[in-house]
Amino acid sequence: PRRDEPDALPAPFGIKAGLVKALTGNKKYDAAKKLLHELSADEELMSWDESRLEIYEDYAEVFAGEGNMAEAYAWMKRSYMLHDSTYEHRFKNDINMLEVKFARAESQKKIAELNGKNQKAILAAKNNRLISWLLGSVCLFLLVVTILALLYYRNSKKLSTQKDLNYKQQLKEIEQQHQLTITTAMLKGEE
């Protein structure tokens with residue numbers, strides 16, 4: 001398992017790693033090597049990339065101090081390979097995290113865009129309904145006005161016809177009275 005969170009290293013490792021550095025600095029290479037063998041035998045500790053890297057570097061320093069350059073080179077090479085592998089793993093993790101963040105941001109953007117479109121569609125539908133009701137109301141108003149105008153026209157026509165009939169009737173009555181007066185005058189004139 002790859003464990004590369006350096007802040008989570010076990011506390012005893014830090015103490016023992018410091019002791020290895022002190023022994024190496026005092027040129028007590030055999031004691032440092034013994035402590036390094038003890039540390040590298042700990043499976044939990046070796047499952048941490050950072051602790052493994054430090055142990056490899058300490059081995060290289062101890063062997064270089066003893067003058068065994070071939071062994072020091074081999075441990076330094078392991079250290080560089082592990083460092084590169086850890087770096088590559090972190091780099092890939094960082095890229096993956098950035099890709100996830102980007103994908104999340106893109107999906108949030110699409111969601112916001114779709115929500116905006118949805119809100120616009122809802123607003124357009126409400127506006128269309130309002131316009132439909134308004135047009136319906138205007139049509140109903142015009143229908144009522146037309147019916148009232150038609151009724152007024154009919155009543156006016158009936159009234160006008162009635163007035164014409166009354167006028168004609170009055171003319172007829174006046175004419176009849178006039179003829180009656182003439183006839184009466186003629187009868188009086190004959191008497």
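Ser132 is partly exposed, because its relative accessible area is 48%. Partly exposed sits between two cut-offs: buried means under 20% relative accessible area and exposed means over 50%, with a 1.4 Å probe and protein chains only. Ser132 lies in helix α5. Helices here are DSSP runs of H or I with at least four residues, strands are runs of E with at least two, and both are numbered from the N terminus.

The model is predicted: local features need pLDDT of at least 70, side-chain atom pairs count only at pLDDT 80 or more, and totals for chains, interfaces and linings use all residues. Residues are numbered from 1 along each chain as its sequence is written, and side-chain values use heavy atoms, leaving out hydrogens and water.

Now pair Ser132 with Ala41. The two are 91 residues apart in sequence. In space, 83 Å separates their C-alpha atoms.

Stay in α5, which covers residues 69-190 and holds Leu143. Leu143 is partly exposed, because its relative accessible area is 47%. Leu143 also belongs to a nonpolar surface patch with Leu140, Val144, Ile147, Leu148 and Leu151. Patch members have over 30% relative accessible area and no salt bridge; like charges are joined within 9 Å, and nonpolar side chains (Val, Leu, Ile, Met, Phe, Trp, Tyr) within 5 Å. A salt bridge is a side-chain nitrogen of Lys or Arg within 4 Å of a carboxyl oxygen of Asp or Glu.

Next comes α4, residues 49-66. This helix has 18 residues. From first C-alpha to last, α4 reaches 26 Å, close to the expected 26 Å. The expected span is 1.5 Å times one less than the number of residues. Buried residues in α4 include Leu53, Ile55, Tyr56, Tyr59 and Phe63. Just after α4, Gly67 takes a positive phi of about 95°.

Step back to the whole protein chain. It has five helices and zero strands. Its radius of gyration is 57 Å, well over the 16 Å that the globule rule gives for 191 residues, so the chain is more spread out than a compact globule. The radius is taken over C-alpha atoms, and the rule is 2.2 Å times the number of residues to the power 0.38. The C-alpha trace spans about 180 × 30 × 25 Å along its principal axes. Buried residues make up 17% of the 191.

Note on methods:
Accessible areas come from the Shrake-Rupley method with a 1.4 Å probe; for residues, only the protein chains shown count as cover.
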